[in-house]
Each structure stands twice: as structure tokens, then as C-alpha cells.
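The sequence and structure come first.

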Amino acid sequence: MRRLLAVLLALVLSAILVPTASARPAAKPNLAPTPPMGWNSWNTFHCDINENLIKQTADAMVSSGMAAAGYKYVNIDDCWMARQRDGAGRLQPDPVRFPGGIKAIADYVHARGLKLGIYSSAGSHTCQGLPASLYHETTDAQTWASWGVDLLKYDNCGQQDGIPAQTRYKRMADALQASGRDILYSICEWGQNQPWLWAAETGGHMWRTTGDIENNWSSVVGLLDQQVGLEQYSGPNAWNDPDMLEVGNSGLTYGESRAHMSLWAILNAPLIAGNDLRSMPASTRDLLTDPDVLAVNQDWAGRQGAKLRDDGDLEVWSKKLSDGSAAVVLFNRGSSPATIGTTAAALGLPAASAYAVKDLWSNTTKASTGAVRAQVPSHDAVMFRVTPGASAELAPMVLVEATPEKPYVTTAGRVDVQAQIHNDGPATLTAAEVTLTAPTGWTATPDGSPQLGTIGAGQTGALKYRLTATNPPLGPVQLAANGSWKWNGASQSGSGVGRFTVATVPPVGRTALSDQTWAFAENGWGPVERDRSVGEQAAGDGKSLTVAGTVYPKGLGTHAPGQIGYFLDAQCSRLTTKAGIDDEVGNQGQVRFEIWGDGTRRAEATASGAGGAVELSADLTGVQVLELHVDPLETMNYDHADWLTPELTCHGTPPPAGTTQLSDRPWISATNGWGPVERDRSVGEQAAGDGKPLTVAGTVYPKGLGAHANSSITFHLGKRCTTLTAKVGIDDEVGDRGQARFEVWGDATRLAQADATGAGPAVPLTANLTNVTTLELRLDTQGSPDFDHADWLEPTITCT
């Protein structure tokens, strides 16, 4: 009896505490065990869509081989619906664009073994102002199910009545599950509410982590940067979505499309093509359908790929695969070709005597002892699959490279270059030879024989070449090295590239950066502009630089994301600037401005369109290359970023060994009481060159500096000098009038001083300059400044 009562009590408690099957949340359909693949109409066609386009695209997806490669979804984006719901409150297709209805299109797509996707928004209207699904979730889900829809892209436009995103997206998830049809749910709220934290539990199969992709390189890399750290939130039926592909579209080069595809594949991103499939060339088709690259995307072995290393413009991304191998993308986002590498150990692979390294784009496999590296062109990527163990029949992995000693050279036209053969394979190379082809206008002189002989496993053979040119033109210089060797008795060869840039160094003194020649410039939209806003299109289409109502005559108009580089050759000391969002975009836009020197960030500030200009200042002492970066903090659409009155202070090179007249040296800065400081002339007081020969007490001095108190003249010594000797006096052109104090300062310390009057002779002055970096010659008036024509006579520095 007790046992029977216990059983009855258990049954009662179970009925009370355990929800019925109808009360439990329905399980999310298993529609995306691997990242979804398909096509979407928006990137290329926007609202210019119709039923013929969709049908033709479905046909092209089959005939091109994309369907066989795994692309299944044909997705109709915004603008498919009529402007009004029907009398029963249901969405209806636009009668002009889709006269046959959506169900007929779904039937057409399904007959070809494909699936149909549709679009709506979790607000009152879509992004193009058409009816959307807030408060109509159940009706719309049932409508789509009755049409045979297989995917919903659910956007975030329209009025939302303050309803939280999670609530609005959960409503549609529930409606889709209750519709009776399995519909893949693509949440598109642009990453604004961190959907990776909640979208899977809400019922989403994939969710956008970013704003919209644009048909340009800056947009692609900007979205890529936002994926760092999100890999832990990705998995079967739950995919981070950095937005659709722009592969093959006009805004990207072939190399940029290849990098885009490589990175989206290693990120486990849904691969939703956005080009016109009906007319794509074979090169684009091959990028979209490469079986080895798609296998990386479709493989699930734990988490999506992640950034392994970041060296500025050079990055390594990796992903462990289910068969024990690892995929790796060597990514060059910079403006020059570069060698990028990693190791099998860094990829998390077990130790092995050799590894098979397959180049997934060239479909070649080589053997390596663990090094995984390649030369990667600018704005491109190389993608490998690295597997422990390698057949003895595999040729060794060899890299030929031309490496200049420095990336920038002056117009003096001289640079040393190493032509190298790197043997990363497990076998010895014999009869190795390397040559460097001289670029046009240059002469290449080898420092030895091109015959390198034997190069052991893991070793490098190299030959130094000296390149010279007379007054070479500014800009990049391409290098080409050719190598040959024997392995296992067979002759093999390879080639490699390199690059350096001939650049000018800014002049000594304080100059506007917009007046200087940059070494490189990349911009989000349109070209970088000098003393104009960016405008976004053709060169010169901008306006006067204006921030918060203030017009700035000098500066650089840019558009985030972007960067501008200048070669300083360690001859400058400081950059000061203001920065802000140009008024031409109103109160929109938000940008981080950064000043970088030799790969290190020296200063940063944030500005928005709703605020005024901000100030930045950076110490550039010893810096070879200055870079100005602008990075978007939200969408890049309005990031018209202005560098305002950027002023560069440069000191030039230190004086040569021996004795030098200061009037023959460039000064860093010079201020004067009246008129400009004059070289080897008296001051004159008015236009440059209006003075006379330097004359004090009847003696004429051929060398010197004519100044007028109060005055300051600074020179860069770089701790190379020991002594300054000079005479000082008031020039005879003012008669016996005038009185001034002459002071010699070194690094803000007074080293010597002397007073002189118009009624007296020249006065000797000597100063110890040991360990002085900056020399300043200062004049202070000792009475009325009207006649203080003060001359530094034969100022001579002695340097080592």
C-alpha cells in the first residue's frame, strides 16, 4: 500500500512540476549544422530585383557548379513586398516585380534542388520603407511557410516602440517554429546588442556581428577586425555572420576577393555570395567554389578560426580541423608585398619530423620541417592546410625572396638587397643559385658569386646586391629575385619579389604636413585630399576643411578607415595637429585618430560629428616612418575625418665632422623682431635679402646671421658637436644705436652670453656644446628694440 501511495504521489508531483510537451519551447530545427551557403540579391542589385532575376540566378547557381559545391539558398532581400498588406493583413509581393507570386518562385527554386530565402524586418518598416513584421510575426511566418520559404533574413529597421531587440527577435523565432515549416532564421540586428550572447537561445541559426558590408576593401577589413574574440560563440546551428560576400564585385581586386574568401572561410562565416552569378567570370566562380577552401569553412572541430598573430598590416589566422590538421591564412592588409609566416607548433599541431603543407588556392603540396610561410602580395592572402607527416616524395617547401635592408630610401639612390633562398623543407638542396634583376633605372652589383651551392634543411642561402641609381623618381621600386636548385636529382626553380620606396624627407623646420609628399595613402572612400575635405569621389571634390563651424586652411581630408605614411628618416621630432569630423556630414560619424611611428602608437584621440576638433601631439624622435590612422568606431558611412593644421617639426641630419659655419646649416626654427633672419646679410627689417654685408665697427664679415632682437634661431646638433665660436655685435647700418644681449642655449640650458651696443666693437663668444642635441641662439633687447640689428658673426661649430 505504501509503495502504491508513493507511486501515486510521484505521478501527481510530476504533473505539477514538469511542463507538458506543448508548454516546452520547441527545439530549434537542425538546419545549419555547418555554415549556410547561398546567394543574396542585395549587394549587387539592391531594389532592382524581379522574379526573372531570381529564377535566372537559381539556374546560374546550378549551371555554374555552385549548387554542387554546396550553395543552396537563393535569398530575396528587401523590396520584394508590395507597399500595402492585403485585406487579411498578409504581406503580398510587389505586383510589378513579382507578378507570379513568391510561391511560384519557391517552386521553381525547389525544382532545382535549391532553397528560397525571404526578407523582413523586426520593426514597422523595412530599411527601404516597405511593410515589415513587428506585431505581424505569426501571420507573416505562416504566410512564408505556405509559400515554401526556407530562410528568413530578419533586419532591424523601422519603428520598434522601445521593444528590446531580444524580445522582438524571440517573437519571430517562436512564430517560425509554430509555422509548421523548418525555416532557417538569420538574425540581422547589426551586432548592436551583442547577439552572439543571446541569439542562439532565442532561436537564431546565424546572426550578424557587424553593420552592412560595402563593396570596397576598407569595409571588408573593417568587418574582419570586429570578429576578433567572437570565436567562442560559434558552433553548429549557431554561426557568427560578418555579412555577405563581395567576392567578384567591382570594388575589390582579384587578390582582395581571394583574401575575403579565405578569411570568411576560416571564420566559419555563412558564405552568402553577393555578385551577379549570371555573368561571373570563371576566376570568380573558382574563388567561390574551390573545394579545399570550402572544406575548411564546412569543417566543424570545436570553434571558428581566430587571429593567431597581428604584426600591424601582417596577420596570421588559424583553425584546427577535424582530421587533426590545421588551416592557416597568411593575410597582408598592407600596401606592399611581404613575407608572412608561422610554425606548426604555433598552429597547435603535434611534433613531427615533417609536415605536408597544401596551398589551397594553387592546389600544390610541399614538405616542411615546421615553418609555414609565403610571400603575400598587397591586399591578398595565402591559405594553407598543414598536416603532420609528409611523404618522402613531396618536394621541400622553398621560398625565394628579395629583401631590401630598409623599406624606404632617399633620392640619393643607394640600397643593399639580400637575394635569398629559404629551404623550409626536410631535405637538402644542391646546386643552388640566386640572382637579382635590377629594376629599371637601377644598377645591381652582387657582392660575391650567385652560386650558393648546398642549402641544408631549415637553412637559408643569400647573396647581397648593392643597388644604385642617379636621382631615381619617387615611388615604389619593385624587386625580383630568381632562384634555382636541385632536389632529389631534379632541377627546380622559384622566384620572389620585394619592394622599397624612394621617398623625400620633409625639410628642416616647421612645415604643414599637407605640403609634404606622402609615401603611401589609403582611404575608405575617395582619395586623400590636401587642404580639402574628402568628398568621397573624384580628387578635388571636397570643400574647405570645416569642423564645428571653424574653417581650417591647411590639413588632410580623409575617410575612415585609412592611413597615410610619411618617410622621416629619423630627422623629425614632433607632430602637432587637431582632428575632427568634417561638417559636410553634419553631426554623424565617429572616428579614432591615431599617430603611429615605426609601428608604435604615439598618440590617439576620438572625435564625433556632434563635437568639435580634438588635439593630438606626438614625439617623433628617431622615427623612420610616420603613419596617420583613422579608424571607424561605428559604421564607416559618414567618417569624413580631417587632420587639421598638422604641423611637422624636423631637425634634419646632424652637422658633418669638422668645422661648419652655422649660416650654411638649415635651422629648425627662426623667429625675429623685424623681418626674417638673414644668412650672410644684415637683417634689413623688411623683405628677405634686403640687408647689406654684415658690418660691425667698420669690419665686414662674409659669414654670419643677421637678426633683430627679440630673436631665436635653433639648430639640430644631435650630440655630435663640441664647440661654438663667434663674434657678436650691432650692425653698422643702425649707426651707434641699439643694445642687445646674445645668449647661447643648449637643450634649454644657457651656456654663454654677451652684451653688445651699436657704439662698441664686436664681442667674442664661446660655448661648450658637448652632448647638446638642440642649439638655440637667442637675442634679447636691452632697451628700445627699434635699432637692435644684431649680428652673429662667423658662428662656427666644431663637430666629431
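## Cis peptide bonds

Pro 561 sits in the loop between β31 (555-559) and β32 (562-567); helices (H or I, at least four residues) and strands (E, at least two) are DSSP runs, numbered from the N terminus. Ala 560 and Pro 561 are joined by a cis peptide bond, with omega about -5 degrees. A cis peptide bond also joins Ala 709 and Asn 710, where omega is about -5 degrees. Asn 710 belongs to the loop between β44 (704-708) and β45 (711-716).

The model is predicted, and local features need pLDDT of at least 70, side-chain atom pairs count only at pLDDT 80 or more, while totals for chains, interfaces and linings use all residues. Residues are numbered from 1 along each chain as its sequence is written, and side-chain values use heavy atoms, with hydrogens and water left out.

## Positive phi angles

Asn 471 is not a glycine, yet its phi is positive, about 45 degrees. The residue is in the loop between β23 (460-468) and β24 (475-487). Its relative accessible area is 64%, so Asn 471 is exposed; exposed means over 50% relative accessible area, buried under 20%, and partly exposed in between (1.4 Å probe, protein chains only).

Asn 488, also not a glycine, has a positive phi of about 55 degrees. This residue lies in the loop between β24 and β25 (490-502). Asn 488 counts as exposed because its relative accessibility is 65%.

## Salt bridges

The count of salt bridges is 33, where a salt bridge is a side-chain nitrogen of Lys or Arg within 4 Å of a carboxyl oxygen of Asp or Glu. One of them is formed by the side chains of Asp 243 and Arg 208, at 3.3 Å from N to O. This pair links distant parts of the chain, 35 residues apart: Asp 243 is in the loop between β7 (239-241) and α10, and Arg 208 is in strand β6 (residues 206-208). Asp 243 is buried with a relative accessible area of 3%, and Arg 208 is buried at 1%.

Asp 225, Lys 307, Asp 310, Glu 315 and Arg 333 are linked in a network of salt bridges. Within it, the side chains of Glu 315 and Arg 333 meet at 2.5 Å, N to O. Lys 307 is partly exposed, with a relative accessible area of 25%.

## A buried charge without a partner

Asp 642 is located in strand β38 (residues 640-650). The residue is buried but has no salt bridge, and the nearest side chain of opposite charge, Arg 532, is 10 Å away. Lys and Arg count as positive and Asp and Glu as negative; His and the chain ends are not counted.

Apart from its neighbours within four places in sequence, Asp 642 has contacts (heavy atoms within 4.5 Å) that include Ser 533, Leu 545, Thr 546, Val 547, Leu 556, Gly 557, Lys 578 and Phe 593.

## Helix α9

Helix α9 (residues 217-225) has 7 of its 9 residues buried, so the helix is largely enclosed by the rest of the structure. The buried residues are Trp 217, Ser 218, Ser 219, Val 220, Val 221, Leu 223 and Leu 224. They pack against α10 (254-266), β10 (314-320) and β11 (326-332).

## The whole chain

The protein contains 12 helices and 51 strands. Its radius of gyration is 35 Å, well over the 28 Å that the globule rule gives for 800 residues, so the protein is more spread out than a compact globule. The radius is taken over C-alpha atoms, and the rule is 2.2 Å times the number of residues to the power 0.38. Along the principal axes, the C-alpha atoms fill a box of roughly 125 × 75 × 70 Å.

Of the 800 residues, 51% are buried. Among contacts between residues at least 6 apart in sequence, 72% join residues at least 24 apart.
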